[in-house]
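Trainee: I would like to learn how to read a fold from its coordinates. Can we work through one together?

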Amino acid sequence: MRILIVEDDRSQQVLLKGLLDQALNATFQVTCVSGLSEAQEQHDEADLIILDLGLSDATKEEVFAWLRACSVPVVVCSGYLSPGVIRTCAEAGAMCVCAKTNMAEQIVASVLFAIAKSALQ
């Protein structure tokens with residue numbers, strides 16, 4: 001399984017990759033990109049995407065438009081989650097949504113849930 005992390009903060013990339021490597025016993029290939037343009041180029045090579053909403057090279061509207069069009073399951077991981085943003089993520093097709101404030105527990109659970117749900121489809 002190949003996981004693409006779309007996150008513009010390098011320290012968050014390192015943290016996410018480390019959490020996933022540890023939780024998944026490094027059996028998954030995890031790749032990090034820092035912007036929406038890179039994600040658009042590489043998303044077809046991924047089985048699952050972890051997406052930050054606040055990317056420096058795109059507006060939230062552009063990120064949500066891409067999320068709607070994306071054919072790969074997406075877990076949104078963001079520091080800006082209001083009830084309206086969560087609803088918009090769900091409407092746009094996100095598999096799961098998790099807050100960066102509780103990322104260590106939530107991201108691993110969200111990724112495992114998304115993997116299991118994808119396997120059922």
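Trainee: Which residues touch the most other members in the largest nonpolar core?

Mentor: First, the basis. This is a predicted model, with residues numbered from 1 along each chain as its sequence is written. Local features need pLDDT of at least 70, side-chain atom pairs 80 or more, totals use all residues, and side-chain values use heavy atoms without hydrogens or water. Now the general idea: in soluble globular proteins, nonpolar side chains tend to be buried together. A nonpolar core is a set of buried Ala, Val, Leu, Ile, Met, Phe, Trp, Tyr and Cys residues joined through side-chain atoms within 4.5 Å. Buried means under 20% relative accessible area, with a 1.4 Å probe and protein chains only. Here the largest core has 23 residues, and Val 6, Ile 49 and Leu 51 touch the most other members.

Trainee: Which element supplies the largest share of this core?

Mentor: Helices (H or I, at least four residues) and strands (E, at least two) are DSSP runs, numbered from the N terminus. Helix α3 gives the largest share, 4 residues.

Trainee: What does Leu 51 touch?

Mentor: Contact means heavy atoms within 4.5 Å. Leaving out residues up to four places away in sequence, the partners of Leu 51 include Val 6, Trp 66 and Cys 77. Apart from this core lies another, of 20 residues, among them Leu 16 and Val 108.

Trainee: What pattern does the protein chain follow along the sequence?

Mentor: It reads β-α-β-α-β-α-β-α-β-α. That makes 5 helices and 5 strands.

Trainee: How much of the protein chain is buried?

Mentor: Buried residues are 45% of the 121.

Notes
Buried < 20%, exposed > 50% of the residue type's maximum accessible area, 1.4 Å probe, protein only.
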